[in-house]
Amino acid sequence: MVTGVADLGLLEQLRREPDVEAPELVAVDATDRLLLDEAAGLLAAAGPGAVAVVDDSHGALTLGAVAAGARDVRVHQDLLVGELALARNAERTGLTGTYRSLPLGPGLADGARLVLAKAPKSLDALRELTEVVASSAAPDVTLLVGGRVKHMTHAMNDVLRLGFSDVHATLARQKSRVLVARGPRPGVASSSPRRQAHPDLGLTVCAHGAAFAGTRVDAGTRALLAVLPRMAPDARTALDLGCGTGVLATALALARPELTVLAGDQSAAAVASAVETAAANGVAERVRVVRDDAASSIPDASVDLVVCNPPFHLGAAVVTGAADRLFAAAGRVLRRGGELWCVYNNRLPHRAALRRLVGPTQVAASDRHFTVTVSTRR
Ligand SMILES: C[S@@+](CC[C@H](N)C(=O)[O-])C[C@H]1O[C@@H](n2cnc3c(N)ncnc32)[C@H](O)[C@@H]1O
């Protein structure tokens, strides 16, 4: 096992910012270290431009690969916060300019001989990664997918086998494991984005692999769709905050022709999906989709209506911090008197935060599982 990267002290310098920092949250985890160790020999031998990295959490894989000898590394990170953390860590370690950020597509892995990836949360996201690498990388490519043992299933091997003839797992270390895929199968093609018609909702949903809920429509999202006719009747501008596949933005544009609709998400897969969903429903001209963190590109007090089905997980722990960031963003972008319509699981204590960060908050609808609230910007 080569531990050169750790020896350089590079990994110890990395931070999570601008992502949430807390004593129990790390910038470099056991999976990053295992992936870099498994890849050490290949990294040292890879020529310039031969290494690609996917879903690097905060930069450890990309900068670790550079420290181990890789040059002109190509990187795709679904989450904007990961991209920003990588950029800051590159600056901190003097490695700015050693990598390029690219969309998840053929340009990312074209001719690559080594691809390092953090295991995505969903099998659909792994399928999309598998298809991209198998269809565009060099015939002798090695794809290493690392993750926590408790999150890895045999179904992941099966998905990798759709694109590669040789798939095996390494021994686990510190509760992490790496899947190794070699031998890209000929004729693999991209099946993303996937499309699904929902005749009951009058919508077609398009989804890239990593987008929340895929081509399904989440039950919480359905609860918001049910109250759409009651939302801010005089609104001229609406924002779908954390838009995922763009179901709410597209439904608003279809139902309310007078609305200019914005949609934002920090996930590249979500943004690409929302663009496709709007187009599939004939409202591409009326839905503007942006990739940003918590509506950071949207001016203060510029929106009349915000709809939000907030995130509820940060890592494995259920915390409200990620949702609170979006509520604060809603409070900032709403005009005085504007409305935030939000849905959340009944177990979550969001109401106090909505009152504090936006304004007076009423329950607009509820059932056994979900509460829909309307908060008026004070
Ligand atoms: C529960 S999903 C809802 C998606 C979509 N609105 C729907 O109803 O299907 C929450 C979404 O918020 C996005 N998100 C989480 N934190 C965010 C942030 N800080 N800035 C922008 N989007 C964020 C996630 O990527 C995810 O797509």
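Begin by selecting residues 13-182, the stretch to which UniProt, in an unreviewed entry, assigns the feature "domain: RlmG N-terminal"; UniProt positions are given in the numbering used here, the feature name is shortened, and such annotations may be inferred rather than shown by experiment. The model is predicted, so local features need pLDDT of at least 70 and side-chain atom pairs count only at pLDDT 80 or more, whereas totals for chains, interfaces and linings use all residues. Residues are numbered from 1 along each chain as its sequence is written, and side-chain values use heavy atoms, with hydrogens and water left out.

Helices (H or I, at least four residues) and strands (E, at least two) are DSSP runs, numbered from the N terminus.

Stay in this stretch and select Arg173 and Asp37, whose side chains meet in a salt bridge with an N to O distance of 3.0 Å. This pair links distant parts of the chain, since Arg173 sits in the loop between β6 (164-169) and β7 (176-184) while Asp37 belongs to helix α2 (residues 30-45), 136 residues apart. A salt bridge here is a side-chain nitrogen of Lys or Arg within 4 Å of a carboxyl oxygen of Asp or Glu, and the structure holds 19 of them. Side chains of opposite charge can pair when their charged atoms come close. Arg173 is partly exposed at a relative accessible area of 27%, whereas Asp37, at 14%, counts as buried; buried means under 20% relative accessible area, exposed over 50%, and partly exposed in between, with a 1.4 Å probe and protein chains only.

Next, select helix α6 (residues 123-136), where Asp124 and Arg127 lie three residues apart, about one turn of the helix. The closest N and O atoms of their salt bridge are 3.8 Å apart, and of the two partners Asp124 is partly exposed at 35% while Arg127 is buried at 7%. Then select Glu17, Arg88 and Arg92 together, which are linked in a network of salt bridges.

Now move to the ligand and display its surroundings, a shell of 17 residues in which the closest are Thr221, Gly242, Asp265, Asp293 and Ala294; a residue is near the ligand if one of its heavy atoms lies within 4 Å of it. The shell divides into seven nonpolar, six polar and four charged residues, where Ala, Val, Leu, Ile, Met, Phe, Trp, Tyr, Cys and Pro count as nonpolar, Asp, Glu, Lys and Arg as charged, and the others, Gly among them, as polar.

A polar backbone atom of Cys243 is 3.4 Å from a nitrogen atom of the ligand, and a polar backbone atom of Gln266 is 3.2 Å from a ligand nitrogen. The protein covers 91% of the 580 Å² of accessible area that the ligand has on its own, as computed by the Shrake-Rupley method with a 1.4 Å probe.

Finally, select Asp304 and Arg335, which form a salt bridge with closest N and O atoms 2.6 Å apart. Asp304 in strand β13 (residues 303-308) and Arg335 in strand β14 (residues 334-345) are 31 residues apart.

Terms used. A polar contact is a pair of N or O atoms within 3.5 Å; within protein, one must be able to donate a hydrogen and the other to accept it, and residues adjacent in sequence count only if both atoms are side-chain atoms.
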